[in-house]
Amino acid sequence: MHDDMWAYRSGIVHPTGEEDLTGYTVEAADGRIGKVDKHSAEVTDAYLVVDTGVWIFGKEVLIPAGTVTRIDRETHTVHVDRTKEQIKAAPEFHRDNHLADPDYRVEISKYYGAIGRLGGPLV
């Protein structure tokens, strides 16, 4: 499992983890994908739940915090290093079933780890 997938990179979030990203816009490498509906900043369990709105027919996606490259607090925008297509192709997410499911976390870790940053292969 790719443990670093579930932690923000150094300097991305406030060390206390108290920052609320709910409502922030989420930008993939190639455009907007939605808004943060829920997030966790726990040290080994950090993630974003993103409401994609009409982009993927109103679905939510779970994005590991390790994909976040920066947070622009002035524009309330979270930037991730995956493309819209990669996020759209991720394993389907259902909050009630998957949020606390360790098997789903392994599946997501493998998926995001295998595609690598910005679409390149994992090396």
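Predicted model: local features only at pLDDT ≥ 70, side-chain atom pairs only at ≥ 80, totals over all residues.
**Entry 1: valine 78**

Leaving aside neighbours within four places in sequence, I found valine 78 in contact with Leu21, Tyr24, Thr25, Val26, Glu27, Val36, Leu48, Val68, Arg70 and Ile71. Valine 78 sits in strand E6. Is valine 78 buried or exposed? Its relative accessibility is 1%, and the cut-off for buried is under 20%, so I logged valine 78 as buried.

I then checked one of the partners by C-alpha distance. Valine 26 is 52 residues away from valine 78 along the chain, yet their C-alpha atoms are separated by 4.8 Å.

**Entry 2: the core**

Next I looked up the largest nonpolar core. It has 33 residues. Which of them touch the most other members? I noted Val78 and Tyr112. I also listed the elements that give two or more residues to this core: strands E1 (25–28), E2 (31–42), E3, E4, E5 (68–72) and E6 (77–80), plus helix H3.

**Entry 3: the sheet**

I read the strand order next. Six strands make an open sheet, ordered E4-E3-E2-E1-E6-E5, and the pairing is mixed. E4 and E5 are the edge strands; each has a single partner, so one side of each lacks a neighbour in the sheet. From one strand to the next, the twist averages 35 degrees.

E3 and E4 run antiparallel and are joined by five bridges. Valine 50 has valine 61 in E4 as its bridge partner. Valine 68 had already come up in my contact list for valine 78.

**Entry 4: the E5–E6 turn**

E5 and E6 form a hairpin, and four residues lie between them. I stopped at histidine 76, which lies in this loop. What is its phi? The value is near 55 degrees, positive in a residue other than glycine. I flagged it because most residues other than glycine have a negative phi. Histidine 76 is partly exposed, at 41% relative accessible area.

**Entry 5: helix H3**

I moved on to H3, residues 102–115. H3 has 14 residues and reaches 20 Å from its first C-alpha to its last, close to the 20 Å expected. At its N-terminal end I found a cap from aspartate 101. A side-chain oxygen of aspartate 101 lies 2.9 Å from the backbone nitrogen of aspartate 103.

Which residues of H3 are buried? I wrote down Tyr104, Arg105, Ile108, Ser109, Tyr111, Tyr112, Gly113 and Ile115. These buried residues pack against strand E3 (45–51), strand E4 (60–64), helix H1 (84–88) and helix H2 (95–98).

I returned to E3 and E4, the pair joined by five bridges. H3 packs on the sheet by touching E3 and E4, and its direction makes about 70 degrees with that of E4.

**Entry 6: the whole chain**

I closed with the overall counts. The protein has three helices and six strands. Along the sequence the pattern reads β-β-β-β-β-β-α-α-α. Of its 123 residues, 45% are buried. Where do the contacts with a separation of 6 or more come from? Residues 24 or more positions apart account for 56% of them. Valine 78 and valine 26, 52 residues apart, were my example from Entry 1.

Methods: Residues numbered from 1 in each chain as written. Heavy atoms only, no water. Expected span 1.5 Å × (residues − 1). Buried < 20%, exposed > 50% of the residue type's maximum accessible area, 1.4 Å probe, protein only. Contact = heavy atoms within 4.5 Å. Polar contact = N/O pair within 3.5 Å; in protein donor to acceptor, adjacent residues only side chain to side chain. Core = buried A, V, L, I, M, F, W, Y, C linked by side-chain atoms within 4.5 Å. Pairing = 2+ DSSP bridges. Axes fitted to C-alpha atoms, helices over the stretch in contact; angles between N-to-C directions.
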